[in-house]
Amino acid sequence: MSGEGVVGDGSSKEYGEGSSKSPPRATTPSRYESQKRRDWNTFGQYLKNQRPAVALSQCNFNHVLEFLRYLDQFGKTKVHVQGCMFYGHPEPPSPCTCPLKQAWGSLDALIGRLRAAYEENGGSPETNPFATASIRLYLRQVRECQAKARGIPYKKKKKTNKQQQPTINNNTNNLLIHDSTTTNNISSSSSSSSSSSSIMHFSTP
């Protein structure tokens, strides 16, 4: 499904010896494109390592869900369980034994890149396993679970940013909510970047 061979063949014919056209300048792919390529290669390798191996053309949303759960072992985001004394605490004062998982923002960005890569590599939008309702439901459940575990109300955060921000300096409670959610957004963004990058450097079993 890779298009690299096609690009190479076209270039050799159009810019071969004797051609009057000048070869195009080599361009460095953007960070997004590089990350998307690594994500796609990693997912392909994951399917090959399955027993039995799974072809990309036979991949469905179940394989994608299993892949996302598999990635949790490489996560760096602390997600408190309900029995933990810090459950719902946005900034725990001390460490705990709760597991580390992939942050919701990292998984959401990863699925976006894989969804685009699938179609760029010849997949049909109608059969895209990364764009199914099951994947969207899973991501929503992860977001809500992590929000509760860390005490971050996503819906309230959006309402606060849009409607209450003008009076936020005059309301101590709103200020605390705004600060905690803003900190969480920055933390999630950093975790997304670092987690996404780290995903591409592990070796699948």
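1. **Ground rules.** This is a predicted model, in which local features need pLDDT of at least 70 and side-chain atom pairs count only at pLDDT 80 or more, while totals for chains, interfaces and linings use all residues. Residues are numbered from 1 along each chain as its sequence is written, and side-chain values use heavy atoms, with hydrogens and water left out.

2. **The overall layout.** The protein has seven helices and two strands. Their order along the sequence is α-α-α-β-β-α-α-α-α. Both kinds of element are DSSP runs numbered from the N terminus, with helices being H or I of at least four residues and strands being E of at least two.

3. Of the 205 residues, 35% count as buried. Buried here is under 20% relative accessible area, exposed is over 50%, and partly exposed is in between, using a 1.4 Å probe and protein chains only. Among contacts with a separation of 6 or more, 65% come from residues 24 or more positions apart. A contact means heavy atoms within 4.5 Å.

4. **Helix α2.** This helix covers residues 31-48, and its 18 residues should span 26 Å at 1.5 Å a residue; the end C-alpha atoms are 26 Å apart, which agrees. The expected span is 1.5 Å times one less than the number of residues. Buried residues of α2 include Trp-40, Phe-43, Tyr-46 and Leu-47, but also Lys-36 and Asp-39.

5. **The cis proline.** Have a look at the peptide bond joining Arg-51 and Pro-52: it is cis, with omega about 0°. Pro-52 sits in the loop between α2 and α3 (61-71).

6. **α2 against α3.** These two helices pack at about 105° with their axes 11 Å apart, which makes α2 roughly perpendicular to α3. Axes are lines fitted to C-alpha atoms, for helices over the stretch in contact, and angles run from 0 to 180 degrees between N-to-C directions. As for the labels, under 35 degrees is roughly parallel, over 145 roughly antiparallel, 65 to 115 roughly perpendicular, and the rest oblique. On the α2 side the contact uses Thr-42, Phe-43, Tyr-46 and Leu-47, and these meet His-63, Val-64, Glu-66, Phe-67 and Tyr-70 in α3. By class, that contact has six nonpolar, two polar and one charged residues. Ala, Val, Leu, Ile, Met, Phe, Trp, Tyr, Cys and Pro count as nonpolar, Asp, Glu, Lys and Arg as charged, and the others, Gly among them, as polar.

7. **α3 against α5.** The α3 and α5 axes come within 9 Å and cross at roughly 25°, so the two helices are roughly parallel. Their crossing is right-handed. From α3 the contact takes Phe-61, Val-64, Leu-65, Leu-68 and Arg-69, and from α5 it takes Ser-134, Ile-135 and Tyr-138. These residues divide into six nonpolar, one polar and one charged. On handedness, a crossing is left-handed if the near helix is turned anticlockwise from the far one by less than a right angle, and right-handed if clockwise.

8. **α4 against α5.** Helix α4 (residues 104-120) and helix α5 (residues 133-150) have axes that come within 9 Å and cross at roughly 165°, so they are roughly antiparallel. The crossing is left-handed. Trp-104, Leu-107, Asp-108 and Ile-111 of α4 meet Ile-135, Leu-139, Val-142, Arg-143 and Gln-146 of α5. The class count for this contact is six nonpolar, one polar and two charged residues.

9. **Leu-71.** This residue is in helix α3, and it counts as buried at 0% relative accessibility.

10. **His-80 and Ala-149.** His-80 lies in the loop between β1 (77-78) and β2 (100-101) and is buried, with a relative accessible area of 7%. Not counting residues up to four places away in sequence, His-80 touches Phe-86, Tyr-87, His-89, Pro-92, Cys-96, Cys-98 and Ala-149. Ala-149 belongs to helix α5 and is buried at 0% relative accessible area. From Ala-149 to Gly-88 is 61 residues in sequence but 4.6 Å in space, C-alpha to C-alpha.
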